[in-house]
Amino acid sequence: MANNRPRKVLFIDRDGTLVVEPPVDYQLDSLEKLEFVPKMFRNMHFIATKLDFELVMVTNQDGLGTESFPEETFWPAHNKLLGALRGEGITFDDIILDRTLEHEHKPTRKPGTALLGKYTSGNYDLAGSFVIGDRATDVMLARNLGARAILLQPYDTGIAMLSDELREVTALITDDWDRIAEFLRAGSRTATVRRTTSETDIEVALDLDGNGTCDIDTGLGFFDHMLNQIGRHGGLNLKIDTRGDLHVDEHHTIEDTA
């Protein structure tokens, strides 16, 4: 019997995600410029062979085929990349390449989805799919697809790149491919708990796979400080908002938060 279960997809950017984007002209137009993002190969091999995702490369190649970016300078490095990936058991089910320029605002250009109709109208679980890339446009693509984003940037850099709306669709910000593979394997380990009694009103949000970011307000400065140490040194994202009957004493606030 055919498996009609909707398929999940990883839409993966190329430059800055699989290969290092050349820092001067942003064009990978020679073999000398070809450099792979650290840890990419082993983790892409794990994803391709162990996880249940279709792999789709989605890349903007500004002006490819024009005088400023001739085809003959693009394909040798691109084909070398694909060959190196195949040698590690990594193949893409589809490669979506847009040649337009940013100022043209074409719907085919990422974050537009005009070239991705197969996925938006087919039997795909886009809510369970991800866009992996290093730019805000990759996160926008995830939003436009109804997927989630993994932003390949240091956390502080990445969070500064995103509006509040884009942060909501971003499942992970990291510059480590090990972390990406682990997240895709294990999923998001987060929880939010709200508890209200006659003595306290407490909301706790915990992300076990965070980076030590804490936002804690219990009304007790030293208790806030100690809880911050747990999050920071444990690499946990921890948000705690406690309103307790401090006019009575401190112990209800401390024991109920714990």
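Author: A salt bridge is counted where a side-chain nitrogen of Lys or Arg lies within 4 Å of a carboxyl oxygen of Asp or Glu. The structure discussed here is a predicted model.

Reader: With which residue does aspartate 52 form a salt bridge, and how far apart are the closest N and O atoms?
Author: Aspartate 52 sits in the loop between helix 1 and strand 2 (54-60), while its partner belongs to the segment before strand 1, 47 residues apart, and the pair thus links distant parts of the chain. The partner is arginine 5, and the closest N and O atoms are separated by 3.1 Å.

Reader: Is aspartate 52 buried, exposed or partly exposed, and what holds for arginine 5?
Author: The intermediate class lies between the buried limit, under 20% relative accessible area, and the exposed limit, over 50%. Aspartate 52 has a relative accessibility of 46% and therefore counts as partly exposed. Arginine 5, likewise at 46%, counts as partly exposed.

Reader: Which residue caps the N-terminal end of helix 7?
Author: Helix 7 covers residues 177-186. At its N-terminal end, a side-chain oxygen lies 2.8 Å from the backbone nitrogen of aspartate 178, and the residue that supplies this oxygen is aspartate 176.

Reader: Which elements do the buried residues of helix 7 pack against?
Author: The residues concerned are Trp177, Arg179, Ile180, Ala181, Phe183 and Leu184, which are the buried residues of this helix. In an α-helix there are 3.6 residues a turn, so residues three or four places apart point the same way. The elements they pack against are strand 1 (9-12), helix 1 (40-50), strand 4 (130-133), strand 5 (148-152) and strand 6 (170-174).

Reader: Which residue just after helix 4 takes a positive phi?
Author: Helix 4, made up of residues 136-145, has Ala136, Asp138, Val139, Leu141, Ala142 and Leu145 as buried residues. Just after this helix, a positive phi of about 80° is taken by glycine 146.

Reader: How are the rings of phenylalanine 11 and tyrosine 119 arranged?
Author: This is a pair from a set of seven aromatic pairs. Phenylalanine 11 lies in strand 1 and tyrosine 119 in helix 3 (residues 117-120), so the pair ties together parts of the chain that are 108 residues apart in sequence. Phenylalanine 11 is buried at 0% relative accessibility, and tyrosine 119 is buried at 1%. The ring centres are 5.4 Å apart and the planes stand at 90°, so the arrangement is edge-to-face.

Reader: Which residue joins Phe11 and Tyr119 in one aromatic cluster?
Author: Phenylalanine 11 and tyrosine 119 already form a pair, with their ring centres 5.4 Å apart. The cluster that contains both of these residues also includes Tyr124.

Reader: Which are the edge strands of the open sheet of four strands?
Author: The strands of this sheet follow the order 7-8-10-9, with mixed pairing. An edge strand pairs on one side only, and this describes strand 7 (190-196) and strand 9 (214-217).

Reader: What is the bridge partner of glutamate 203 in strand 10?
Author: Strand 8 (residues 200-207) pairs with strand 10 (residues 237-244) in the antiparallel sense, over eight bridges. In strand 10, the bridge partner of glutamate 203 is aspartate 241.

Reader: What angle does the direction of helix 8 make with that of strand 9?
Author: Helix 8 (residues 221-234) packs on the sheet, where it touches strand 9 and strand 10. Its direction and that of strand 9 make an angle of about 160°.

Reader: How many helices and strands are there in the chain?
Author: Of the 258 residues in the chain, 41% are buried. Among contacts between residues at least 6 apart in sequence, 62% join residues at least 24 apart. The chain has nine helices and ten strands.

Definitions and conventions
Residues are numbered from 1 along each chain as its sequence is written. This is a predicted model: local features need pLDDT of at least 70, side-chain atom pairs count only at pLDDT 80 or more; totals for chains, interfaces and linings use all residues. Side-chain values use heavy atoms; hydrogens and water are left out. Buried means under 20% relative accessible area, exposed over 50%, partly exposed in between (1.4 Å probe, protein chains only). Helices (H or I, at least four residues) and strands (E, at least two) are DSSP runs, numbered from the N terminus. Contact means heavy atoms within 4.5 Å. A polar contact is a pair of N or O atoms within 3.5 Å; within protein, one must be able to donate a hydrogen and the other to accept it, and residues adjacent in sequence count only if both atoms are side-chain atoms. Two strands pair if DSSP finds at least two bridges between them. Axes are lines fitted to C-alpha atoms, for helices over the stretch in contact, and angles run from 0 to 180 degrees between N-to-C directions. Rings of Phe, Tyr and Trp (its six-membered ring) pair if their centres lie within 6.5 Å; planes under 30 degrees apart count as stacked, over 60 as edge-to-face and the rest as tilted.
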